[in-house]
Amino acid sequence: MKTEDIALFHRIVETGSLVEAADILNVPKSTLSRRLQTLEDELNVKLFHRQSRAMTLTASGSHFYNKTTPLLATLEQTFSELSGKEAAVTGHLRILIFPIPELLYITQAIFEFMDLNPALTVEIIVSSEPKDMIRNNIDLAFMLEDAFNENEMVARHIISEFVHFYASPEYLERAGKPTKPEELPEHNSILFRYPNGRIFNEVPFGKDRILSVTGNLCVNSLSTCLEAALMGRGIAMMPLPIAREYVENGKLVMLFEDIEPYEGKCFLVYPSRRFISLASQRFIDHVLKALDECLQNGACDREARTKGAIKPLI
């Protein structure tokens, strides 16, 4: 019995479809079906109820899935211990990245890891749309806090940023410039929807205050939020690296500069109920070290750090 076939079985379970699993794994459906049949023959049990549109586990299949999940995790850990930290890894990684200011530095860390492990293949998915990591076979994701379910994920804090309020001079001339926190709910705010569906309309203000804001526009993209703010659609809450250039050239105005900004956090996450592959383990170690060194020496964004936009990890 091949461990690769057991891993393929897990992917079919998690997608609920032989076709979807084949598409995600980039293997022919016929190959996946044949390997599943081989596994069932070796076990002498039927693992799935095969239907026209979906596949559901039999009682035996459910038992096999639950029992082999920790076994695969233990096996991956054993491979890691035996192969040594310097050994190259193989396989395929699917990595989801929320479009954050540090996107460039995260991708650079990914490319460095690929150079160290030339037998590895990687797929990078940049999206602010909600995606089920299990169903979509996503190994790792870089996501903002409140954008994922903490009960379903293992999360490692990697980056902190200070987030400020901004508006265009045109909007402020038309609607007036708010000078006190109490005035913010009276303005039109550009709302933000996280990948988990939550709308960011209860916004932190300073250290100990939450304000309810309203607006006639809701987006799920930082670039769209920036564009809307530049066009005078309302007040936006964004990380400083996104808006700095436009503050410096006068196209945006930072509001409430005398109040300590909200500290937003980005996490590296992966599903808690799936075994983590050797490639994922090695990548987590690599990216945490690379980003920490980048932030510590200022190579990521020296100017942003001196202005308090990005904080190194402690």
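The model is predicted: local features need pLDDT of at least 70, side-chain atom pairs count only at pLDDT 80 or more, and totals for chains, interfaces and linings use all residues. Residues are numbered from 1 along each chain as its sequence is written, and side-chain values use heavy atoms, with hydrogens and water left out.

Start with confidence. pLDDT is the predictor's confidence in each residue, on a scale from 0 to 100. The protein chain averages 84, and 88% of the residues score at least 70. Helices and strands here are DSSP runs, numbered from the N terminus (helices: H or I, at least four residues; strands: E, at least two). Among these elements, helix α6 (residues 169-175) has the highest mean pLDDT, 97. Strand β14 (residues 310-311) has the lowest, 36. Over residues 302-314 the pLDDT is below 50. Beyond near neighbours in sequence, that stretch still has 39 contacts in the model. A contact means heavy atoms within 4.5 Å.

Now look inside. In soluble globular proteins, nonpolar side chains tend to be buried together. Buried means under 20% relative accessible area, exposed means over 50%, and partly exposed lies in between (1.4 Å probe, protein chains only). A nonpolar core is a set of buried Ala, Val, Leu, Ile, Met, Phe, Trp, Tyr and Cys residues joined through side-chain atoms within 4.5 Å. The largest core has 76 residues. Which residues have the most contacts inside it? They are F142, F165, M238 and F283. Helix α9 (residues 278-297) gives the most to this core, with 9 residues. Leaving out residues up to four places away in sequence, M238 touches F162, V163, H164, Y166, C225, L226, A229, A243 and L252. A second, separate core of 18 residues includes L18, A22, L47 and F48.

Next come the rings. A pair of aromatic rings is described by the distance of the centres and the angle of the planes. Rings of Phe, Tyr and Trp (its six-membered ring) pair if their centres lie within 6.5 Å; planes under 30 degrees apart count as stacked, over 60 as edge-to-face and the rest as tilted. The structure holds 7 such pairs. Why does the pair F9 and Y65 count as edge-to-face? Their centres are 6.4 Å apart and their planes stand at 70°, so the pair is edge-to-face. The pair links distant parts of the chain: F9 is in helix α1 and Y65 in helix α4 (residues 59-83), 56 residues apart. F9 is buried at 1% relative accessible area, and Y65 is buried at 10%. F9, F48, F64 and Y65 form one aromatic cluster.

Helix α1 (residues 3-15) also holds E14. Is E14 buried or exposed? E14 is buried, with a relative accessible area of 8%. Setting aside residues up to four places away, E14 touches Y65, I134, R135 and R274. Its side chain makes a polar contact with the side chain of R11 (3.1 Å). A polar contact is a pair of N or O atoms within 3.5 Å; within protein, one must be able to donate a hydrogen and the other to accept it, and residues adjacent in sequence count only if both atoms are side-chain atoms.

S160, in strand β6 (residues 153-167), is buried at 3%. Its side chain makes polar contacts with the side chains of H157 (2.8 Å) and E263 (3.1 Å).

Finish in the loops. N26 lies between α2 (18-25) and α3 (29-43). N44 lies between α3 and β1 (48-50). N26 is not a glycine, yet has a positive phi of about 60°. N44, also not a glycine, has a positive phi of about 60°. N26 is exposed at 71%, and N44 is exposed at 67%.
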